[in-house]
Amino acid sequence: MTTVLAVDLGSASGRVLAGTFADGRVEVADVHRFKHQALRDGARLTWDVETMWEQTVIGLRKAVAAHPDAVSVSIDTWGVDFAPLDADDELVGPVRAYRDERTSRTLGEFRSRLGDREFFDLTGLQPATINTANQLVALLVEEPELAARVASVLYLPDYFAWRLTGVKGWSRTIASTSGLAEPGAGRFSDEVFERLGIPRRWVGGISADRTVVGQCSVPGLEGLTVVRGGAHDSACAVHGLPIDEGKRAYFLSCGSWSVLGAIEDAPLMSDAAFDLGITNEARTDGGVRPLFNITGMWILQEIQRQWEREGTPTDTDELVARARQCPPAAAYFNPDDPRFAEPGDMQRKIDEALAAQGAPLPQSMPEYVRVIIESFAHRYARAVGELTEATGRAPDQLNLVGGGARNRLLCDLTASLAGITVVAGPIEASTFGSLLAQLEALGELDPADRPSVIAASASTRVHVPQAR
């Protein structure tokens, strides 16, 4: 019997879970959860990393108290964001959030240094203002005095791993989201750093996942070995997918951000891949994930926050259940419209998008939720078709994981619109994948046995296409 711990930090909440491996299956126990959010600091949008750190340590201490035999821990987060450190390893200003508007202001400067197609050819990623590369250019252009103090840059999961161990590193799966690495993220691209004017000394070398970072040095947690169990949450989720032998699956990780992709051995670098907006990110086990980044449940979360600020409490499960009783929406919107990427009056933005089509506006909260969910499902269905065109191979199923797997209406509509069987779950896929990767790194689980362990451990639900 072996117990390992996983810390999963999302853009709205964090959680610490324990996984105990025995008799060919992993039993997962929920230990600690907490909420956090991006904060406005004047004109800047920042992350409260101190709250995330404090709650992570609280959760790990709870986990060790409940599971004194725990041997390791891994941390995963969303992609692209980073902590800039000075020569004394102190933060250089606040940790900025990827939705901060500064990258929109400096996009022209970025493109003057590196064109969109060149960026794709050098990195395998689509040009996007959220990329770490764009954020670092914005830092250099808008805040040169702060940039001059930077000695190193750590992606968020590597930053928290460093705080646990004192060991700096740059994990492959998270580096693959940055726009600073070569396609497949085997190493950083010196040409990208040079062309963009980003100091190469800010990062070291890329480390493979399923390797050891070091021993934890936080008081009370010294018995834990810190492991790179897949630093990027979507990579962790893919690592824990329940896929039957011989089946070809696409995956949809649906949380605040949605990621829909395929499982491949090598990056997709064709003209068609670029034209379709495919970006290539790394898998925990060494392969790649050609995918689309799609604005996700953030839109639903943000409109709920708006309603609550206006004095109406909301419950997601209740709203989705009531939305199922609403008639199909008269129209839907494109979740990737830039207006939905930033905080603000989300109900007004939806109204504007629907009004531009001459469509009637929703008249109740459930009707807004129905429109949002249908809009997601249409976008996912379109992405499945586009990915099939790029890979040349249609999938047998779509594995839907993350918080969206709880949303039965979303799963049903996606299955029907895409014409594909949707396998929903496990809901906690990112932490599940992290737990499995740690067991593999420690030699407790043979990677060849991972599919059978997933089959014995994961709870899933199947949604088949229905006529509309």
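Reader: How many salt bridges does the rule find across the interface of domain 1 and domain 2?

Author: The rule, which asks for a side-chain nitrogen of Lys or Arg within 4 Å of a carboxyl oxygen of Asp or Glu, finds one salt bridge across the interface of domain 1 and domain 2. This is a predicted model, in which local features need pLDDT of at least 70 and side-chain atom pairs count only at pLDDT 80 or more, while totals for chains, interfaces and linings use all residues. Residues are numbered from 1 along each chain as its sequence is written, and side-chain values use heavy atoms, with hydrogens and water left out.

Reader: Where do the two domains run, and what separates their centres?

Author: The domain assignment, which is automatic or from a database, gives domain 1 as 2–231 and domain 2 as 243–424. Their centres, taken over C-alpha atoms, are separated by 24 Å, and the contact (heavy atoms within 4.5 Å) takes 26 residues from domain 1 and 26 residues from domain 2.

Reader: What area do domain 1 and domain 2 bury between them?

Author: Domain 1 and domain 2 bury about 2,100 Å², with 55% of it on carbon and sulfur atoms; buried area here is the accessible area (1.4 Å probe) that two parts lose on being put together, summed over both. On the domain 1 side, Arg99, Arg117 and Gln126 supply 29% of the area buried against domain 2, which is more than any other three residues.

Reader: Which residue forms a salt bridge with Arg117?

Author: Asp271 does, and the closest N and O atoms of the pair are 2.9 Å apart.

Reader: Which helix gives the most to the side of domain 1 that touches domain 2?

Author: Helix 4 (116–123) and helix 8 (172–175) each supply at least two residues of that side, helices being DSSP runs of H or I with at least four residues, numbered from the N terminus. Helix 4 gives the most, with four residues.

Reader: Switching topic, how many salt bridges does the structure hold?

Author: The structure holds 39 salt bridges. One of the pairs joins the side chains of Arg195 and Glu118, at 3.1 Å from N to O. Arg195 lies in helix 9 (residues 190–196) and Glu118 in helix 4, so the pair ties together parts that are 77 residues apart in sequence.

Reader: And what box do the C-alpha atoms of the chain fill?

Author: Taken along the principal axes, the box is roughly 55 × 55 × 50 Å.
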